Amino acid sequence: MSIPLSYTWRSLWARRITTALTLIGIALVVFVFASILMLATGVERTLVTSGDPQNVIILRRAATSELVSQISRDEANILKTQPQVAVGADGKPVASTETVVIINLAKIGTNDMGNILVRGVSPEAFALRPQVRLTGGRMFSFGSDEVIIGSNVAERFQGTDIGSRIRIGEDQYTVAGVFEAGRTAFDSEVWGDVEQLMPSLGRQSVFSSVTMRLNAEGDYQAIKDAINADPRTQSSDVKREQQYYREQSQTMADFIRVLGLVVTVIFAFGAVIGAVITMYAAVANRTVEIGTMRALGFRRGSILNAFLIESILLSLIGGIGGLVLASLTSFIRISTTNFGSFSELAFGFTLSPQVILYSLGFAVLMGIAGGFFPSVRAARLSILNALRSS
Amino acid sequence: MFVLKLILKNAGRHKLRTALTILGIAIAVMSFVFLRTIVTAWSYGVEASAANRMISRHSVSFIFPLPLAYRDQIARVPGVEAISFANWFGGVFKDPADFKNFFPRLAVDAETYFDVYPEYLVPPDQMAEFQKERNACIVGEKLSREHGFKIGDIIPVEGDIYPGQWEFVVRGIYKGKDPTADETQMFFHWKYLDERMTQEENGRAGAIGWFIFRVTDPAAMPAVARTVDDQYRNSRAGTKTETEREFQQSFVSMSSAIISSLEAISLVIIGIILLVLANTIVMSARERTREYAVLKTLGFSPGHVVGLIGGESLMIGLLGGVLGLILAYPVVAAFAQAFPTFFPVFNVAPWTLALAVGVALLAAIVAALFPVFRALRISIAEGLRTIG
């Protein structure tokens, strides 16, 4: 026969302060654990949703980011005319030859310098990334010294109001409008006409990358094989756009995860010790109670279960509290230099079902770890000694 | 003396509980020290910068090159002593996905670079060998240990910013003059880079990344910066000149969000220390409510009770804190061993230790507050009636 849950519940309530302190401890640990997982998920989500499954990006072989990649104009022309590349309504391939550099702008409030990614694009770039839409001002005109800036840059950096001038390379550019890109990496970029930007950057005939839309997702292997086989495109390397962005997020997400896990595992020790202390005290205080229950006919197993359930309940409530606290962080957006691309990236804390599952699982694990030995002690008390103790 | 004895006896009554509490605090203090060390290591470059060095780079961002021709013009600015320059080479060594294989590779002016950085010590015979060979390089002591580079080894690098296959022969290994010097870099001849650029991509020849120069008087630095930047204000490549410290600081502040979150986490750790300790002290004080009443009946003043509770809390907090510091050293050393090039310098700073102990003691005082107030407020009769 098992001990009713109401007994467990009332036992926790009887020692409110100790219970509350243990709860807060566990909630803090789960809070840190969950928010770190949410942050890592946020970085990945931001970058992965920047890529479209039907798009491919071509960089120079060995280049790990667009910033250090070089594709010559001749090579870009060969790449764009592959048969697998989708053709737009105007009969031109849906491909954007792009040039990428970073410029320094000062953050609002702190004067800290941020690395802003400037992307020179072809007109097709907007067909390739339909999530980009203007929210203020107007579109830059191709062939002019104008740029549009992502919403994150507009919100966080000085001198980026519409109409102000930004120096890019050797020339000044006017901010014509602000765009929003569905919380992807593009939100942290500045876009202008590639043919206009290249001379300003002193790179007349070298692009950074080519992004192209395929006729179908399945054409990926075909285009990869074709480019690898063509002797004129030997220095190019084709990747799915999503894969490229996943790689860009890798270092950052891994760093957050590894550091976060190390920290939370150490934290968990602290919280488990808190729970062990609480549960040992619970057992010591209730020795007579335990003896009475045993005398009434409850078995050792039932006692063990009751105490273990008490501990798990305690940590589960703490875990849910921590998770609720952590979910509040999803309103915060962080903007910092991404290690992978060496440029500013804004991302948020993203709650996913996986994060919830891991956090609650982690809490239950702490409950079991903290409650096991005290429960065993409770179960092993002999009836006589327990009843005799005062 | 009597109170001290009672505190010791009290702490020993629940040996397991006291031991667990000390362990809990020790672990929290250890992670506190570890996190603070990471924060310190992040800004090591700022600490390691020399007071009399300045850096000039392109005003738009440091990825844009400056013409080498600026060197002689900057050298003529009054107050500038010695000048050198460097280029970020980048490139891919082995598998780029493994962070271990990322280390700074700089093309430097072989003749002058080590004059401007006297903290990098190269044995004279190795330096002579390095100077003689165009594709020679010098690597840091820490880097050479990490990858097993020996004199005469060839380091193959696939270029990204400077495309092509590159090979560098190790001709020297430098050591840092003091523990704050970065021993994870690789330096090679800028002339080697420039020769290949002249042949392969002529437009990129004669370009350098940034100038480093020493000034005679650190007080004159703002004036020197202004003079240099004014010289190029209207040229195609403007400069931004700042002290080495500011230059390094601008890199650190790029990741300011990460540093602030690490700092936030270390605050949460303080919270955890407090909770573990408060839990134990509240619990013990509650169990002893009757004893405190007895003590008061016997004529002990409330001050004694405060001393008993507070003293036990301070003792446990201090023991946990000291144990945590002792544990922190092997953990920091193990991390430094496992990722030698992750942070160029990874040491526990003395003030981190002081801070950690201070935090543990502060937590001990706060943890004792509530039970102390309770013990003071409760009347003797009430205390005696309590069943703990």
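Which domains does the domain assignment give for chain B? The legends below, which describe a predicted model, begin with this question.

**View 1. The two domains of chain B.** The domain assignment divides chain B into domain 1, made of residues 2–44 + 256–385, and domain 2, which covers residues 60–237. Between the C-alpha centres of domain 1 of chain B and domain 2 of chain B there is a distance of 48 Å. Where these domains of chain B touch, domain 1 contributes seven residues and domain 2 contributes 12 residues. On the side of domain 1 of chain B that touches domain 2 of chain B, five residues are nonpolar and two are polar, while no charged residues are found there.

**View 2. The packing of helices α8 and α11 in chain A.** Helix α8 (residues 241–285) of chain A packs with helix α11 (residues 353–380) of chain A at an angle of about 25 degrees, and their axes are 8 Å apart. Because angles under 35 degrees count as roughly parallel, α8(A) is roughly parallel to α11(A). The crossing of α8(A) with α11(A) is right-handed. Among the residues that make the contact are A:Ala268, A:Val272 and A:Met279 of α8(A), together with A:Met366, A:Phe373 and A:Arg377 of α11(A). By class, the residues of this contact between α8(A) and α11(A) comprise 14 nonpolar, three polar and one charged.

**View 3. The buried residues of helix α10 in chain B.** In helix α10 (residues 244–254) of chain B, the buried residues are B:Glu244, B:Phe247, B:Ser250, B:Ser253 and B:Met254. These buried residues of α10(B) pack against elements of chain A, namely β4 (113–121) and β13 (333–338), and also against β1 (53–58), β12 (239–243) and α11 (256–287) of chain B.

Definitions and conventions: Residues numbered from 1 in each chain as written. Chains lettered and ligands numbered in written order. Predicted model: local features only at pLDDT ≥ 70, side-chain atom pairs only at ≥ 80, totals over all residues. Axes fitted to C-alpha atoms, helices over the stretch in contact; angles between N-to-C directions. Helix = DSSP H or I, 4+ residues; strand = E, 2+ residues; numbered from the N terminus. Parallel < 35°, antiparallel > 145°, perpendicular 65-115°, else oblique. Left-handed = near helix turned anticlockwise from the far one by under 90°. Contact = placed C-beta atoms within 7 Å. Nonpolar A, V, L, I, M, F, W, Y, C, P; charged D, E, K, R; others polar. Domains from an automatic or database assignment. Buried ≥ 20, exposed ≤ 12 C-beta atoms within 10 Å, placed from the backbone.
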